Amino acid sequence: MAHITSDLALDIIPYFASATFQGIRDQIIGNTQATHEEVANELIMGWQQDRDIRLAAWNLQVNEDARLAAEAAHTEHERREQERLLLEQEAEIEHCEAEKKKPKINDFKTGASVGNTLAHRPSQYAIHKLKSFEYVELWYFSPDGCREAADKAKSSADGTFGFTKVDDFVALKTVASFRPSRKVIQDHGLEWRQFNMVKNSFLVYINKLNWPEKHQRALTMFFMNIVSNPQQAEPFGERVLLLYAAHVRRDWHDTLTLDNAFDISVFNFTLLKNLAEEVWNKTKLESLAEVRTSH
């Protein structure tokens, strides 16, 4: 059925008894005995029946239009709701990302006083090495190493700056603060007393920088095996043990990088013996050279 454009309930019944419809009435009457009044009434009844049929169709059309309009409104509401939720999710993600990038400050213990002594701070170079889980000489954690770092921090002699990445930000830092020190002493060149002291500072800092517990325990046992080894009572024993500590710890870091590291806490007495022989042979050669020079 064609789309109905107007409400049929508003239609007004024609006045079929008027002169306007006389011609139609005459045609209907023809040779019959019907009167004009009877024909007018028949026309009225026919018009009402037709209107009732079309009015029922109109009501169906109104209901269908209302249903389609409701579905369209619901679909549009769902679309807008999804769009709103998507925008809220994107805004929440952006907010979370922004929160991550904000500088954070940790809490403090109310009423707790600063300690009676302050620990010396190693250089930024040494801290950066530890943060990257890379090898760094123990000297940087000695009083001399920390004192040099403090002197460099106070000095403005080196005005060269470079870019460095801190979290997601790029910052300017003095190049000198990330350079190795020219005064650094290799581990095997430390005095026994120095080594025994700086290992403790080194262990404190790897703990502060949240090294894995497994690695911290292994290094603690490594140093304990060194300082408690009876080899130190032998001639050149301390020198041999320092050489062992220097070589083994550096090799351990190298193998960590290659992902095939050994357990540094396990002491290798065969390697210690070989290093002892190496030191003895070198000492003998040095002694012979001195004798020849004196003659």
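**View 1. Phenylalanine 133 in the loop between α3 and α4.** In this predicted model, phenylalanine 133 occupies the loop that connects α3 to α4 (143–154). Phenylalanine 133 follows α3 and, although it is not a glycine, has a positive phi of about 60 degrees. Its relative accessibility is 42%, so phenylalanine 133 counts as partly exposed; the class lies between the limits of 20% and 50%.

**View 2. The buried residues of α3.** Within α3, the buried residues are Tyr125, Ala126, Ile127, Lys129 and Leu130. The packing partner of these buried residues is α5.

**View 3. The contact of α5 with α6.** The axes of α5 and α6 lie 11 Å apart, and the two helices pack at an angle of about 170 degrees. Angles over 145 degrees count as roughly antiparallel, and α5 and α6 are therefore roughly antiparallel to each other. From α5, the contact is made by Trp192, Phe195, Asn196, Lys199, Phe202, Leu203, Ile206 and Asn207; from α6, by Gln216, Leu219, Thr220, Phe223, Ile226 and Val227. By class, the residues of this contact divide into 9 nonpolar, 4 polar and 1 charged.

**View 4. Asparagine 210 in the loop between α5 and α6.** Asparagine 210 lies in the loop between α5 and α6. The phi of asparagine 210 is near 60 degrees, a positive value in a residue other than glycine. With a relative accessible area of 63%, asparagine 210 is exposed.

**View 5. The largest nonpolar core.** In soluble globular proteins, nonpolar side chains tend to be buried together. The largest nonpolar core here has 38 residues, and Phe195, Phe202 and Ile226 are those with the most contacts inside it. Helix α7 provides the largest share, 8 residues. Beyond its neighbours within four places in sequence, phenylalanine 195 is in contact with Leu138, Leu190, Phe223, Ile226, Val227, Leu242 and Ala245.

**View 6. Threonine 255 in helix α7.** Threonine 255 is placed in helix α7, which comprises residues 237–257. Its relative accessibility is 13%, so threonine 255 counts as buried, a class that requires a value under 20%. When residues up to four places away in sequence are not counted, threonine 255 touches Asn260, Ala261 and Phe262.

**View 7. The crossing of helices α1 and α2.** Helix α1 (residues 22–29) and helix α2 (residues 36–101) have axes that come within 10 Å and cross at roughly 105 degrees. Gln22, Ile24, Arg25, Asp26, Ile28 and Ile29 of α1 form the contact with His36, Val39, Ala40 and Leu43 of α2. The contact of α1 with α2 comprises 6 nonpolar, 2 polar and 2 charged residues.

**View 8. The protein as the setting for the close-ups.** The protein has 8 helices and 2 strands, and its elements run α-α-α-α-β-β-α-α-α-α from the N terminus on. Of the 295 residues, 27% are buried. Among contacts with a separation of 6 or more, 67% are between residues 24 or more positions apart. The accessible surface amounts to about 21300 Å², and carbon and sulfur atoms account for 55% of this area.

How values were computed. Residues are numbered from 1 along each chain as its sequence is written. This is a predicted model: local features need pLDDT of at least 70, side-chain atom pairs count only at pLDDT 80 or more; totals for chains, interfaces and linings use all residues. Side-chain values use heavy atoms; hydrogens and water are left out. Helices (H or I, at least four residues) and strands (E, at least two) are DSSP runs, numbered from the N terminus. Buried means under 20% relative accessible area, exposed over 50%, partly exposed in between (1.4 Å probe, protein chains only). Contact means heavy atoms within 4.5 Å. Accessible areas come from the Shrake-Rupley method with a 1.4 Å probe; for residues, only the protein chains shown count as cover. A nonpolar core is a set of buried Ala, Val, Leu, Ile, Met, Phe, Trp, Tyr and Cys residues joined through side-chain atoms within 4.5 Å. Axes are lines fitted to C-alpha atoms, for helices over the stretch in contact, and angles run from 0 to 180 degrees between N-to-C directions. Ala, Val, Leu, Ile, Met, Phe, Trp, Tyr, Cys and Pro count as nonpolar, Asp, Glu, Lys and Arg as charged, and the others, Gly among them, as polar. Angles under 35 degrees count as roughly parallel, over 145 as roughly antiparallel, 65 to 115 as roughly perpendicular and the rest as oblique.
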